[in-house]
Amino acid sequence: MEQNLIYFDYAATTPVRPEAADALAEALRRFGNPSSRYACGREAARRVKEDRESVAQAMGCAPAELYFTSCGTESDNWAIRRGVEVNHRKGKHIVTTAVEHAAVLETCKDLERQGYEVTYLKPDRAGRVTVGQLTAALRPDTALVSMMLVNNETGVILPVGECVKAVKACDPAILFHCDGVQGFLKTPDPLARLGADLVAISGHKIGAPKGIGALYIKKGVRLRPLLTGGGQEEGLRSGTEATAQIAAFAAAVRANAADPGRLERAAAIKEYTLTRLKAALPGLEVISAGDAPHICAVTLPGYKSEVVVRVLGDQGVCVASGSACHRGKPSHVFAAMSLPKPWLDGALRLSFSPDSTREEADGLVRALKGAADSLFTTLS
Ligand code: PLP
């Protein structure tokens, strides 16, 4: 972590863990192509096999069900774009939620332009959608359901496991994709246990470098590749394996798995921060305390969160005004929750690491109080 930085934006990205950085550096010094038949190529292939086993173990799946990709976005695109094709005879209807990440929503919008029809389930004021809403949206021509596990802006856990059961009871042919990017290693159960056909994950949310992700494809699901070429990843994801990123991803996974107290520690520091914030800033409202241990959302009604984020940023305090992927646009997640306008304007996402400290939390509280005292609100 850079010196003097108070970082509470771990849902945007995480620092690379030392174990991952070491694995990356070590792997960069080995250059064999896993497809080459001579010794250094075979050694590279052996290591990718071991790394796949580590990630698969954390996912609760067989190594043969796990395919490395370049990021969570690629995994979501692959799952959805090729997932709808699996059921092309069934129809062109997709069900998703209005609170998905852009990697899912923009893919669905693109498919709408290609003639698909998409139902976006609207969340309630707390950011939740229900199994009943989902089953009511299913149709005979529904090809695919895509539902995230942990919302990246509220920390709300959506009822994916129950939804999978309900969808499969209604029609086992409907493919179920889950964007598990914010849930991987942040929820107690391995994600393959959700029962979904497809689950997307990403390395840089768990201490690996950016540029590595994976897609779980349940045994028996026949998904065509998104990238065609040399036939790597059992012919399903071509492109020479990113051996160093993969090594770092697996090292980060193993480091997380070796720290079983991490979820409780993240939850505890989040609770401490929320308690301190509420005490110091009586006007602050909690939008979502978050079910997942590492994310919550608050608002300073009437303030402009972009300005607050900038003022805090100038003091080395990093928080988000919604998803980092929105670059200043109001969050579609908070908007879908029908929050009052002053709440939307002042919305901030805080996200935590198990290693975030009380001193850092106190620094955040001081900085936010200072910003609220010095900035104008549209409400006064
Ligand atoms: N899905 C969710 C819920 C996310 O939070 C993110 C990243 O913020 C992604 C997908 C995209 O992952 P990546 O940055 O690896 O493309």
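## Contact between domain 1 and domain 2

Asp291 and Arg128 join their side chains in a salt bridge (3.0 Å, N to O); the term covers a side-chain nitrogen of Lys or Arg within 4 Å of a carboxyl oxygen of Asp or Glu. The count between domain 1 and domain 2 is one salt bridge.

This is a predicted model: local features need pLDDT of at least 70, side-chain atom pairs count only at pLDDT 80 or more, and totals for chains, interfaces and linings use all residues. Residues are numbered from 1 along each chain as its sequence is written, and side-chain values use heavy atoms, with hydrogens and water left out.

The domain bounds come from an automatic or database domain assignment.

| Domain | Residue ranges |
|---|---|
| domain 1 | 6–15 + 260–374 |
| domain 2 | 18–257 |

Their C-alpha centres lie 27 Å apart. The contact (heavy atoms within 4.5 Å) takes 31 residues from domain 1 and 32 residues from domain 2.

Together the two domains bury about 2400 Å², with 48% of it on carbon and sulfur atoms. Buried area is the accessible area (1.4 Å probe) that two parts lose on being put together, summed over both. Which residues of domain 1 lose the most area to domain 2? They are Arg262, Asp291 and Met337, together 22% of what that side buries.
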